[in-house]
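Here's a quick tour of two spots in a protein model. Have a look at the picture first, then read on.

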Amino acid sequence: MTTSDLDIAEFLTANSPSVLIAEVANGPARRLWLVDRARDAAGPGSLSLILACDFDLGGAWAGVNQLFLELLPQIRTRRPDLLDRHAVELVYLLPELRRELTLRNLTLTDVASAEEKVRNYAADRALRNVHGLINLLDSWKTEMGADIPWVLVCDGYDLSGATSRYFFQELIRRRGKHLNLRFLIAVDPGNGRDVCASLSEWSAPKVVAVEVSREPWPALDPVVAAQKARQLEESAGDDRFRKQVCLPELIRFWRAAGRDDKVLHLKYFGLVVYLHLGQYADALRYADGLMALAEQHAPEDENLHRSIVIKILNGLMGNQASETELQAIEALALKFAEHAPPAWRVDIFYLLAMVHARFRKPRNFPKGEEYLERGLAALEQAGLPEAQYHFHYVFNRNGVAMIRSFQARHNEAIQICLDGIERLNKHVGADKHRLHRSVLVYNIAQVYFATGRYEEAIEHYTAAMAMDPNYSEYYNERGNIYLRMGQFEQARADYLRAIELSPPYYEVFTNLGQCYRNMENMSLAVEAYSRALDLQPRQALALAGRAQAQEALGNRDAAIADYSSALSYEPGQWEVVASRGVLYYEARDLHAALADFNRAIELKPDHIDLYQNRSVVFADLGRTEEAARDLKTALALNPPDEDKVALQEQLQNFLERVS
C-alpha cells in the first residue's frame, strides 16, 4: 500500500472526481507534503484548499469552517442572497456572523432563557444545517462553474468531530460528482481502512501509504501559550459567540500552559453549547475527561459536578447511547443524588426516568414512573419559590403523560397535560415558560393524532403554532393530518411552510411527494421525492412513492429501478413487489414478473389480486394448470360477487383448455 508522489498527482488531476485517502504520519512533514500536493493539483481557475479537520484544532466544524470562510468574501459580494437564504446554517457554522446576518425564523427553543430551556434540538435537526450548507455550496459552485475542479485537502480527517465528518461524507455523496470535487484525505497510518469504509458506499476511495519524516509538531511554549490564551479571552470578553469561535484555541493554549483549571471551564462551556444545538456527539467530545478535571480542580464545587453529570446524561440520551454507557452514567447520577440537595434530585430523577421510559429498549415504564415519583418527592422537599415549584411539578407530570401515551392510556395523557396548562396559568405569569406551555399543547395534539381524533389534533397543533409560529415540525405534522383527511391543499400549504422555516430535512419532502401524488400531480411528486432522496437515499417510502409517480407518468424503467431500490431497504413490502411484477409483465419479462408474484404471495398469501395476476403470467407462459390452480385459490378466498363471476369465467376457460 505504497505510492509515489507522481501517482498521487496523477490521481488528483484525473478527469473524473475522486477520493484519495493518504496514510501519512502527522507532523510538519505531512503538512508540507500536503501543501505540495495541493499546489500540484491546482489548475487554471481551480480551487485547492487545505482544511484542518482535527477537532482539537477547529472544534465541531473543523475544516468546514475554513472552507466557508475562504468562500465567504466572494459570496458576500456576488450572491448576498445566498447568505440571507442560508443565514441559520451559516450562524451555526460561524457564530461570529450573528453580527452580520439576520435570523428571521427563531423558535421558542432558540430564544428561551437558560432556566426555561426545556427542549434541546434533536440530533437529526442539527444535521439539517449540514445539508443546508451543502445546498449553499451547490448553488455557489454551480454558478461559478460546476465543471471547474476543486481539490479539498482534508488534513486530520480521522480526528474530526461528528458534524465535520458528516458534512464531508454527505458532500461527497450528494455533490462530489456533480460539482467536480476531488478529495485528498490525510489520516494517521493505520486509520485509512476505517475512513475508506465510511466513504465507500457512495464513492470509490483509494487508500495509499506515504512515507515522510515522523518528526512531531513542536510543543507550544507554556509562557507563549498562556499569553495567547489571555489575548483571546480579552478579545472575546463576555461575548459567548466569540468565545465559541475561540474555544478550540483557548483549550489548546491553556492546556499547553498547564492551566487545566481553565480547560475545565472551557470544556464545560463547550458541552453546554453543543448540547443546546443538538450536536450531541460533539458535545460529548468536550465531556471526555471533564469529571476528572472537575474532581481535581474544583473538588468542592458540587453544583458543577452534578451539572456535568446531568448534561452528560442528556448528551448520551441525545446521542443514542449504548446500554453500557447508560448504566454507567445512571450509577454516577445515583451516587450524586444520594447527597444532592432536593432541587438537584428533581432534575436527576427526571432524566433517569427518561432513560428508562423513553430511551431504553425495551422501555421500562414502571422504572421510569418510579423515578418520576422520587423526583416529585424531592420537589416537595426543595422549598422552591411558588412559580418554580409549579413549573417543576408540571414538568415532572408531563413525563408521566409521556408514559401514559406510550401505554395507549391516551385520555389520561391528555388530562395530565391539560391540568399542567391550567396549573401554569394559575400560578405562573403568562410571560414565563412560554416554551413549556407550547410543548404541553403540542403533546396533546400528538396524542389526538395518534388516536385518530383529527379535528382536535388540528385545533391543538394550530394553537401550538400560534405560540411558536416558526417551529417547522408543527407544520409538517399538521400537514400529515390534513393528508390523512384528504385535504390536500391544506397539507401542501403546511409542508411548503415547514420547508420555508427550516434547513432541509427529508421527511417533509417525502410527505410533500405523497401529497402531490394524491393530488395526481406526478411531475411535482417526482421532484419532491427526489429532493427527499437526495437528503436521505435509504428511504423505502420515498422510493416506492416516486416509483408510483414514475409509473403514472409512463416511465416504466425508472419506476422499476425505484421499486427495486425500495425493496433493497425493506424487502418485505408485498405491494411494492407486486407493483414491480406488473411492470415486468408489461415489459414482457415474464420470468421476472412470475418471481415477483411468487414473492408477493409468500408475503401476502390471502390477497386475491395476487393470485389472479399470477394466473395471467402462468397463462402467458403456457402453464395452464397452474393458472387454473391460482384462480381456484382466488375463488376460495371469497372475492366480491362482481369479481367472482369474472374469475369463474376465466377458470372455466382454463379448465376447458386443460381438458
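What volume does the second largest pocket have? It comes to about 770 Å³, where a volume is the space filled by probe spheres set on grid points joined across faces, edges and corners. Keep in mind that this is a predicted model, where local features need pLDDT of at least 70, side-chain atom pairs count only at pLDDT 80 or more, and totals for chains, interfaces and linings use all residues. Residues are numbered from 1 along each chain as its sequence is written, and side-chain values use heavy atoms, with hydrogens and water left out.

**The pocket**
- A pocket here is an open set of points on a 1 Å grid over the protein atoms alone, where a 1.4 Å probe fits, with protein on both sides within 12 Å along at least five of seven lines; lining residues have an atom within 4 Å of a point.
- There are 28 lining residues, and D54, F55, D56, L57 and R252 are the closest to the centre.
- Helix α12 gives the most to this lining, with 5 residues (helices are DSSP runs of H or I, at least four residues, numbered from the N terminus).
- The lining splits into 12 nonpolar, 6 polar and 10 charged residues (Ala, Val, Leu, Ile, Met, Phe, Trp, Tyr, Cys and Pro are nonpolar, Asp, Glu, Lys and Arg charged, and the others, Gly among them, polar).

**The helix pair**
- The axes of α20 (residues 386-406) and α22 (residues 434-450) come within 12 Å and cross at roughly 15° (axes are lines fitted to C-alpha atoms over the stretch in contact, with angles from 0 to 180 degrees between N-to-C directions).
- That makes α20 roughly parallel to α22 (angles under 35 degrees count as such).
- Where they meet, α20 brings residues including F391 and V394, and α22 brings residues including H436 and V439 (contact means heavy atoms within 4.5 Å).
- The residues of this contact are 6 nonpolar, 4 polar and no charged.

Conventions. Helix = DSSP H or I, 4+ residues; strand = E, 2+ residues; numbered from the N terminus. Parallel < 35°, antiparallel > 145°, perpendicular 65-115°, else oblique.
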